Amino acid sequence: MLYLHNPNLNFASSVFPLTCAVQNYAWGKFGLESTVARLVVGDDPLAVIEDNKPYAELWMGAHPKGDAQIKDNRIAQTTLGQWIAHYPACLGSKVKDAFQGQLPFLFKVLSVNTALSIQAHPNKELAASLHAQFPEHYPDNNHKPEMAIALTRFQGLCGFRPVVEILSFLQRESWCCVLCQVFRQLEQYVLLYINFYHLLYLCCVPEVPEFYALVGQEAAEELQSSMGDEIRSSQALKKCFTRMMSCEKKVFVDELNELVKRVSEEGAAGKDTSNSNGELLLRLHSQYPGDIGCFSIYFLNYVVLEPGQAMFLGANEPHAYIHGDCIECMACSDNTVRAGLTRKYIDVNTLCEMLNYKPASASSKIFPGVPDPSDPYVTLYDSPVPDFKVIKIQVPPSVKDYCVAAVDSASILLVIEGDAIAASAAAFSDLTMKRGSVLFVSANESLSLHITSQSGVTLFRACCLL
């Protein structure tokens, strides 16, 4: 086999296996139902997986809250963060200079059983400000754009719906509501039309009156009148969302209980509750009863990713993961502003002020990976930020030897399926790779794989391609 070795790295091993941190957040899938747990036990058959314990996230990187352990006692440093600090050239010269000697990304696997919070991540300027003021809630000064790539069918909320969709929950027929506005202006002069106006008004009972009660008539009408004007629509949308999120607790709890009762009764009677997003509402309410975040389904797009599809979540993009398993990559940060569907610290004012109020369709939030024209086994998920890219490598059973190409960036590789023997001139010895194995590969180092499983091998690779 031919190995490429980076002569600028003057240390014995720059390719080595990692043992990565598991986060047992309450929203994670339990026991071996979790992809995270199955990856852990795949890499280490002696790992103990508890049936009644959630295995929510696998962190692969050098973040202080989950710095990966180096799984080779011939290396003096015990964690990846320590090793990078000692040998920053492993990042690649461009990455080292651009990110001040830090690994710029955090690579994860998520197994979501119950919904995560309604949240957004700040841009760099806001992150620095929040960290300076409230370091106990915002632990670093970095931004946190992120990308999710579905491993299973993956459900989430992402970005504001088109205005016409939001209005569909606030009113029943737009034509009669327009006429209502006309007659409201005319009725003081033309008393003959008062009865007709009230008839039209009754036709305009909102599709979700409990939602309408929280938004309020003034804000709802402002949103409707803004149709076709992008700037006014964003301003009106911010007003509507802020009004709802800022409601007194007793008010929104009473309206939510009324909505849940109505939808439950309609469902029990065999009625179609899809116009009220009934199934999703009841599911979220069962997980977070009495939570204002349950109403967010009327503002935010419901997005379903099929395996291999992805969505990118930029700064200030409202979102919440609902269910499923995914690969996730992000800038190396843990800053999250939350305002619902959570028992953690919430910051409604900051969230409402920071959000991107640009409506867009659910389909616009989904993007597939792009095949690499130079390698038929590679798919690139190219994020619009410089901090990270994700590469999927899927080698079919017919191919027994494959070279993972060198790139000018440190990489982290995760085996999702299959078995292989990995060889590199930059490793102390050949490495056995199997489901759940994680490797760190320094910049400009290649890796030769000999595939030993009958089903081929599937890997995901995180790196920073500047």
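In this predicted model, the axes of helix H5 (residues 163-170) and helix H9 (residues 217-225) approach to within 10 Å and cross at roughly 145 degrees. Axes are lines fitted to C-alpha atoms, for helices over the stretch in contact, and angles run from 0 to 180 degrees between N-to-C directions. The crossing of H5 and H9 is left-handed, meaning that the near helix is turned anticlockwise from the far one by less than a right angle.

The residues in contact (heavy atoms within 4.5 Å) are as follows.

| Helix | Residues in the contact |
|---|---|
| H5 | Val163, Ile166, Leu167, Leu170 |
| H9 | Ala220, Leu223, Gln224 |

They divide into 6 nonpolar, 1 polar and no charged; Ala, Val, Leu, Ile, Met, Phe, Trp, Tyr, Cys and Pro count as nonpolar, Asp, Glu, Lys and Arg as charged, and the others, Gly among them, as polar.

The protein has 13 helices and 25 strands, taken as DSSP runs (H or I, at least four residues; E, at least two) numbered from the N terminus. Its C-alpha trace spans about 90 × 45 × 45 Å along the principal axes. Of the 466 residues, 54% are buried (under 20% relative accessible area, 1.4 Å probe, protein chains only). Among contacts between residues at least 6 apart in sequence, 78% join residues at least 24 apart.

Residues are numbered from 1 along each chain as its sequence is written. Local features need pLDDT of at least 70, side-chain atom pairs count only at pLDDT 80 or more, totals for chains, interfaces and linings use all residues, and side-chain values use heavy atoms, with hydrogens and water left out.

Key:
Buried means under 20% relative accessible area, exposed over 50%, partly exposed in between (1.4 Å probe, protein chains only).
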